[in-house]
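My entries follow, one topic at a time.

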Amino acid sequence: MADLRELYQSVILDHNRSPRNFRDITGSSRWAEGNNPLCGDRLRVSVSLAGDVIEDVAFRGSGCAISKASASLMTEAVKGKTVAEASTMFDRFHEMVTGRLAPEDAKPALGKLALFAGVSEFPVRVKCASLCWHALKAALEADQEVVSTE
Amino acid sequence: MTLAGGGAGAAIRAMPSGAPYPVDRVRADFPILARRVHGRPLVYLDNAATAQKPETVIEAMTRYYRHDNANIHRGVHELSVRATEAYDAVRAKVRRFINAAEDREIVFVRGTTEAINLVARSFGRGAVGRGDEIVVSEMEHHSNIVPWQLLAEEVGARVRPAPVTDRGEIDLDGVRDLLGPRTRLVALTHVSNAIGTINPIEDLVALAHAHGIPVLVDGAQAVPHLPVDVGRLGCDFYAFSGHKMFGPTGIGVLYGRREFLEAMPPYQGGGGMIAKVSFSETTFAPIPTRFEAGTPAIAEVTGLGAAVEYLETIGYDAIGAYEADLLAYADERLATVSGLRVLGRAQRRAAVLSVVMDGIHPHDVGTVLDQAGVAVRAGHHCCQPLMDRFGVDATVRVSLALYNTGAEVDALIDGLAQARELFG
């Protein structure tokens, strides 16, 4: 149970139960769908930009606690950031959940998102945690297509 | 029910001989069951994905490689003769195992998926044309849907799914309504890999045959649980995999009624499947070798033979009675877990269950169970149309086998309680 509590931190459980920014951005043409066919997770991330700054970001969809909480916390983390800053956060996040960056080293760049460090102990869940980030990246590039983690 | 505190050795119902089912002894036959996962004893409840292998299967394959390895149907030397004899002996053994009429009705393939693809490519391309229909059901595994879709796409035919009822049974009236002058094949699963339903294959075959329509049965999930008698079922094709019935991966069986197989063109070309090759004309070997191009999985065939022997030694009467009690016990215990729903309540079920828990995604349940050493599968189980039918994205699947125990069901229930505690 100790390892599980490390993975399922109370903040993660809270965001799973009550996801933030769980909606569509009406009229936004910048959106993308993330799809993990292995487990059926499906997220749609939409963004609106003001110049280079992420003015609003939201998501919808269904998935496991890790994928939902990750999306919810991601929307909070990248709102108000520039596209370049969000992209750097994704890089740090990915390094952390794959165990290549220690949580204490990730903390300055990631803040609250460092909570997902426990995912690195559960390799099969890395895709759950990073699905929303792939979708965000595609949305920022206005791909408007389904990205897949497979 | 006396299972709850029974420990790993809980004996359930008496064997037909009157002796208790020797689950301890059965477990001792499977070396992997002694291992631990995350520091806990392995509780393997993912048997529908692949079953564990008894020592006899592992030993048969090792012995083949250590003592008898040679190619079949080729050499004049001793080892080749021995390998050929062993290979053919397993074909005869499998014929008896499923009560086929003749050895040549048994084709060795890689698994159920290849068996179905073989029928789709070989039988299908000859028998199915533009405007024709193939009837399947909503509970099929993707491997009994996609090969037909590929065929349909190629020839301009349609795949029509028969409905599944709320109880998780194929709606016989629904099947009847779909059968018509354009139906060329009915392809149905014997046992659902996701919810365990045992389909009334004899009735379904009678329905189809009344219209002169042949029937293929996907038996991948049936062979670990039930005796299969293709003569009694009356089906025209029956496909199954070695690895789901405690045998090796990479080997499976296609049973085909002789009249059908003989009329079918080769599936793949190569060595072993020809009678004579020249640039002006190539003629093909008789069945079943016509469908076994290239060097087959000889070691795996010997392993499959050992798996058949293993199942016959324990006996399906004993397995069936034991698993029925285990399933009843699992049902009883699962009913005590709050906010848990079991998908499908078919009248006849094998020991395979799909469950969903309110507010907890199956993947998260799977992770919690894994930490407790309990292996289950979370996901759509290659049954997306069935998941859609029940309005879920995924489930937690618990699939039991002849070596599972009441104590292991208890470990599952404890794990589910832990998931509830964690997620609230």
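**Chain A, overall**

I began with burial in chain A: of its 150 residues, 45% are buried. I keep in mind that this is a predicted model.

Next I looked up the secondary structure, and chain A has 6 helices and 4 strands. Going along the sequence, I wrote the order down as α-α-β-β-β-α-α-α-α-β. The radius of gyration is 14 Å, close to the 15 Å from the globule rule for 150 residues, so chain A is as compact as a globular protein of that length. For the extents, I noted that the C-alpha trace of chain A spans about 45 × 30 × 25 Å along its principal axes.

I also checked how far apart in sequence the contacts of chain A reach. Taking contacts between residues at least 6 apart, 61% join residues at least 24 apart.

**The nonpolar core**

Which residues touch the most other members of the largest nonpolar core? In chain A I found A:Val45, A:Cys132 and A:Leu136, and in chain B they are B:Leu216, B:Cys235 and B:Tyr238, in a core of 177 residues. Both domain 1 (23–34 + 315–423) and domain 2 (57–312) of chain B contribute residues to this core, so it lies between them. My side note here is that nonpolar side chains tend to be buried together in soluble globular proteins.

Leaving out residues up to four places away in sequence, A:Cys132 touches A:Gly34, A:Leu43, A:Val45, A:Phe59, A:Ser67, A:Ser70, A:Ala71 and A:Met74.

**Where the chains meet**

I turned to the contact between the chains, which takes 15 residues from chain A and 14 residues from chain B. On the chain B side, helix H12 (362–371), strand E16 (377–379) and helix H14 (406–423) each supply at least two residues. H12(B) gives the most, with 5 residues. By class, I have this side of chain B down as 7 polar, 5 nonpolar and 2 charged.

**Domains of chain B**

Chain B is divided into domain 1 (23–34 + 315–423) and domain 2 (57–312). Over C-alpha atoms, the centres of these two domains of chain B are 28 Å apart.

How many residues of domain 1 of chain B are in contact with domain 2 of chain B? I get 24 residues of domain 1, which contact 23 residues of domain 2. On the domain 1 side, helix H11 (316–334), strand E14 (352–357) and helix H13 (384–389) of chain B each give two or more residues. The largest share, 4 residues, comes from H11(B). I sorted that side of domain 1 by class too: 13 nonpolar, 6 charged and 5 polar residues.

I found a cis peptide bond joining B:Ile287 and B:Pro288, with omega about 0°. B:Pro288 is in the loop between strand E12 (282–284) and helix H10 (298–314) of chain B.

Then I noted two non-glycine residues with positive phi. B:Asn99 has phi near 55° and is in the loop between helix H3 (78–97) and strand E4 (106–109) of chain B. B:Phe246 has phi near 75°, and its loop runs between strand E9 (237–241) and strand E10 (252–256) of chain B.

Are these two buried or exposed? B:Asn99 has 14 other C-beta atoms within 10 Å, so I logged it as partly exposed. B:Phe246 has 29 C-beta neighbours inside 10 Å, so it counts as buried.

Terms used. Residues numbered from 1 in each chain as written. Chains lettered and ligands numbered in written order. Predicted model: local features only at pLDDT ≥ 70, side-chain atom pairs only at ≥ 80, totals over all residues. Contact = placed C-beta atoms within 7 Å. Nonpolar A, V, L, I, M, F, W, Y, C, P; charged D, E, K, R; others polar. Core = buried A, V, L, I, M, F, W, Y, C linked by C-beta atoms within 7 Å. Buried ≥ 20, exposed ≤ 12 C-beta atoms within 10 Å, placed from the backbone. Domains from an automatic or database assignment. Rg over C-alpha atoms; globule rule 2.2 N^0.38 Å.
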